[in-house]
Structures are given as structure tokens and as C-alpha cells.
Amino acid sequence: MSRTVEGQPQPSAPVQAAYSYCEAVTGGQARNFAYGIRLLPTEKRQAMSALYAFSRRVDDIGDGPLPPGEKKDRLEATRTLLGRIRAGEIEEDDTDPVAVALADSARRFPIPLDGLDELIDGVLMDVRGETYETWDDLKVYCRCVAGAIGRLSLGVFGTQPGAPGADRAPEYADTLGLALQLTNILRDVREDAGNGRTYLPADDLAKFGCSDGFGSATPPAGSDFAGLVHFEVRRARALFAEGYRLLPMLDRRSGACVAAMAGIYRRLLDRIERDPEAVLRGRVSLPGHEKAYVAVRGLSGLDTRHLSRRAPGRSA
Ligand SMILES: CC(C)=CCC/C(C)=C/CC/C(C)=C/COP(=O)(O)OP(=O)(O)O
């Protein structure tokens, strides 16, 4: 039997097919994160694709058109499936390629699968329509839907032997997830409002006169919308700075993957900072060539912006 560099047996043909399915989901839907995932060697790339495809499924149930009761049932069914994956009950000829791929990845890497239970818990908070009074309250949600993804990903990446401070790696991976999620919340403020959701903390909204929400393409009358956005951008930047402490603990290609994911989102944050009202007019995004450029910089270790303080408002 042929073996991978890490000494694990190569996946069988059905498992390879399951991974191909997950990689197609990732390539087709992870508009930003796919740029980072592509930089990984095969085994890690496949494991990250399996994690992505499972997470996408959970997220799609939450965002989909079903009534709340049915969403809850489907999420609980997914939790049961996760239990079967954890118990090693999924055979390689199972008809669910995402389960097959994730079960194989969990055998190859020490992935803390409980993080996917947290993701389900977070999406259930969405289904219940929870809102958040303070940043501490919102952090609980962000830890579930994004911090957990950071910790799960770290299970695939691993830390380098003898890396100083590596016991804190899960904490930094979690913080990086929070940074990405807060950026995502700012970017999607209008779309979420259209779906009846508000994530930003109620006390921040009140402070900047935005308690009436974001139902139109212009800021609420009499509000300091730019002030609110700049306040949250500063919070996200502080989270990025803290989370970037993870980078020196990772091998080169895992570090490049994280630098690409985070670098793309940081550039989104730069754009949002320069033009806060853009998030009310539509979805702020980067052109493909810019995402590719950020990814290549990550691979060459050039993205060291986290090491220097930048003046607010300057572009990269
Ligand atoms: C250490 C490490 C790897 C940390 C990263 C953790 C991570 C990838 C968190 C994802 C959270 C997030 C903003 C998801 C949005 O997905 P989406 O599908 O809505 O994103 P998109 O719309 O930008 O494509």
C-alpha cells in the first residue's frame, strides 16, 4: 500500500472520490478561503476541504428557506451524523461524501471535532433569531461559528515542534476566527438586515445612533454610521493583531494558508474603513487578482503587515 509523506496510507478510491467532492464544494463556494486552502499540501488541503464542506452544509441549513422547526431538526440530524463520524462508524462506501471525507481526515489529523458541535450551536442561535446586547455576548456567537473553525483548522495544521508558546495556539486560532467573523459581520450588515438579522451589539448601535438598523442603502438618519464602522474596524484589527501570533508557530505552507485567509479579510477591512457606506450599497469584495496576490505574498512569507502598526485608512 502506498503511503503519504506523513506515513499514513493513501486514501482508497472511494475516499479520494469523497475528497474530490469536498474540494469541488470548496473551490465553488469558498470565495475567499479557497485561496488559502489551495496553498496547502494534498493531505492538509483535502482535510480542510472536508471541514469546509461539512461547515458549509451546517451554514446552508441555517441560511436556507426552511421554517425554523425544520432547520432545528436538520441541524440535530447533522449533529447525530457528527457523532457517528466521531465514533468511527462511517464506512468508506457510505453514500455521504462529506461524512466519508471528514471521517478519513479525523483519522489522519487530531481534529477537535467538538468544534463542529459548537458551529451547530452557533447556527441554532441564528435560527432562534438571537441578538446581542454587548460585544461579550456577540463573542459567544463568534466563538461558535468562527473561533471553532480556527481551532478545528489548527488540528489540521499542527504546530511546529518546539514552537515557543505553542500551548496558546488554540487561543490565537480562536481569536483569528473572531477577527474574520467580525469583518464578515461588517461586510454583510445590509444583507443580514434584509434577512431580519442584526449581529452588531445593541449597545454599540445605540452609542452611534444606529439602533433602527440598516434597512436601506443610506445610513440611518441622524446616526454616526461611519463612527460605528470605524469603531468595529478597530476592534477587528486588534483581534487580527492578537491572532497573528499563531503564524510563527505554523509550518511554512500552513502559515501561508492562514496568512492568505486573514490577509484577504484584512484588505476587506481596509476597504470598509475607507468607505464605510459601501457596506450599505452592496457586498464589498476584492477582485480575484488581488486575492491571488495576497495568497502568493503569504506563500513567500511577505505578508508581515501584522508586525508593523499602520496608520488607519492607509491601503496596503
Ligand atoms: C486559524 C484559522 C485558519 C482561522 C480561520 C477560521 C475561519 C476560516 C473562520 C471562518 C469564519 C467566517 C468569516 C466564515 C464566513 O464564511 P463565508 O462562506 O460567509 O465567507 P465568504 O462569504 O467571505 O466567502
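The buried residues of helix α6 comprise Gly 115, Leu 116, Asp 117, Leu 119, Ile 120, Gly 122, Val 123, Leu 124, Met 125, Asp 126 and Val 127. These assignments refer to a predicted model. Because 11 of its 14 residues are buried, α6 is largely enclosed by the rest of the structure.

Just after α6, a positive phi of about 70° is adopted by Gly 129.

Asp 126, one of the buried residues of α6, is also among the residues touched by Arg 197. Arg 197 is located in the loop that lies between α9 (189-194) and α10 (202-207). Its relative accessibility is 18%, and Arg 197 therefore counts as buried, the cut-off for burial being under 20%. When residues up to four places away in sequence are not counted, Arg 197 touches Gly 62, Asp 63, Asp 126 and Asp 192.

Two polar interactions of the Arg 197 side chain were identified. The side chain of Arg 197 reaches the backbone oxygen of Gly 62 at 3.3 Å, and a polar contact of 3.2 Å links the side chain of Arg 197 to that of Tyr 199.

Terms used
Residues numbered from 1 in each chain as written. Predicted model: local features only at pLDDT ≥ 70, side-chain atom pairs only at ≥ 80, totals over all residues. Heavy atoms only, no water. Helix = DSSP H or I, 4+ residues; strand = E, 2+ residues; numbered from the N terminus. Buried < 20%, exposed > 50% of the residue type's maximum accessible area, 1.4 Å probe, protein only. Polar contact = N/O pair within 3.5 Å; in protein donor to acceptor, adjacent residues only side chain to side chain. Contact = heavy atoms within 4.5 Å.
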